[in-house]
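Here are my notes for you to read alongside the model. Keep the 3D view open and find each residue as you go.

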Amino acid sequence: MPRSWDAVYKELIARLFAQWQILLTTQVEVGRLPRTIDAVAICTPEDWARLAQLTPFDFFQLHNLLEFKSPRDRLTPGKYKLVISRAYLYMHQTGVDDLSTVTVCIITSRKPRKVLGQVPELVKFQRVRQGLYRSDDKLPLYVLVASELPVEPRNYPLLLFASGRKMKEFLRALLQQPPGELLTFAFELYPEEVLAMSQQSSHKDHAAQVLVQHLGVPKVLELIGKDELMREDAVRILV
């Protein structure tokens, strides 16, 4: 059975930060009740310089709380308040009092228009750059909108969670690159789109090898489902 968006996000973010040798923990419990933060990254000043160069996370500080909102789990004013409350619970649990050492980053697939511009009595946001917004909350909080990020390598991991035209633009760009681990994540989320686009890719054979190596033919066919034409295409490309 295909994995959820949340599961793919957490594995991806964990592998990325491991590559950058930054301590990251997923499903961080805060408080006595089962409240969790999707991921927490602890960074040093040396990490900040590397992240600013390689990723869209150029605003990170020491404690960095990462929350993910998929297309099926939109960021609403109520959920915004839950994210803020969990951040303060994290600070209480870890003994952090200096707000300047903490950031909260909510990664969303689509633009949460109501939160970003329609509830000024709750919070106001300022656009930092394309796809990045900062709140006027006392606690430094940012919203990264995957579907607004430029299609460039530093944004590729988050563009996995884009939607609509930006998602297709990203997949086309990804398939023109030598295939790697990101391709397997993309295939998990968009098996039909990746399979169709890979047939036009100059790296088609290599892409097939990567998918088989990471997922295996049975898993690939499972992700595609019962569509006979798609399964025939998959067998032709992968075997």
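**Notes on rings, a helix and a cavity**

1. Start with the aromatic cluster: Phe-17, Trp-20, Phe-57, Phe-59, Phe-60 and Tyr-142 are joined into one by ring pairs. Two rings of Phe, Tyr or Trp (its six-membered ring) make a pair if their centres lie within 6.5 Å; planes under 30 degrees apart are stacked, over 60 edge-to-face, and the rest tilted.

2. A word on what you're looking at: this is a predicted model, where local features need pLDDT of at least 70, side-chain atom pairs count only at pLDDT 80 or more, and totals for chains, interfaces and linings use all residues. Residues are numbered from 1 along each chain as its sequence is written, and side-chain values use heavy atoms, with hydrogens and water left out.

3. How many aromatic pairs are there? The count comes to 14. Take Trp-5 and Phe-161: their ring centres are 6.3 Å apart and their planes sit at 45°, so this pair is tilted. Trp-5 belongs to helix α1 (residues 5–19), while Phe-161 is in the loop between α5 (156–159) and α6 (164–174), so to speak a link between distant parts of the chain, 156 residues apart. Helices here are DSSP runs (H or I, at least four residues) and strands are too (E, at least two), numbered from the N terminus.

4. (Buried means under 20% relative accessible area, exposed over 50%, partly exposed in between, with a 1.4 Å probe and protein chains only.)

5. Now try Tyr-80 and Phe-125, with ring centres 6.1 Å apart and planes at 75°, so the pair is edge-to-face. Tyr-80 in helix α3 and Phe-125 in strand β5 (residues 125–129) are 45 residues apart, and the pair links distant parts of the chain. Tyr-80 is buried at 1% relative accessibility, and Phe-125 is buried at 15%.

6. Stay with α3 (residues 77–94). Its 18 residues should span 26 Å at 1.5 Å a residue, and the end C-alpha atoms are 26 Å apart, which agrees; the expected span is 1.5 Å times one less than the number of residues. Among the buried residues of α3 are Val-83, Ile-84 and Arg-86. After the helix comes Gly-95, with a positive phi near 75°.7. Last, the cavity lining: Lys-69, Asp-73 and Arg-110 are among the residues around the largest cavity (on a 1 Å grid over the protein atoms alone, a set of points where a 1.4 Å probe fits but cannot get out; lining residues have an atom within 4 Å of a point).

Terms used:
1 Å grid on protein atoms, 1.4 Å probe; cavity = no way out; pocket = protein on both sides within 12 Å on 5 of 7 lines; lining within 4 Å.
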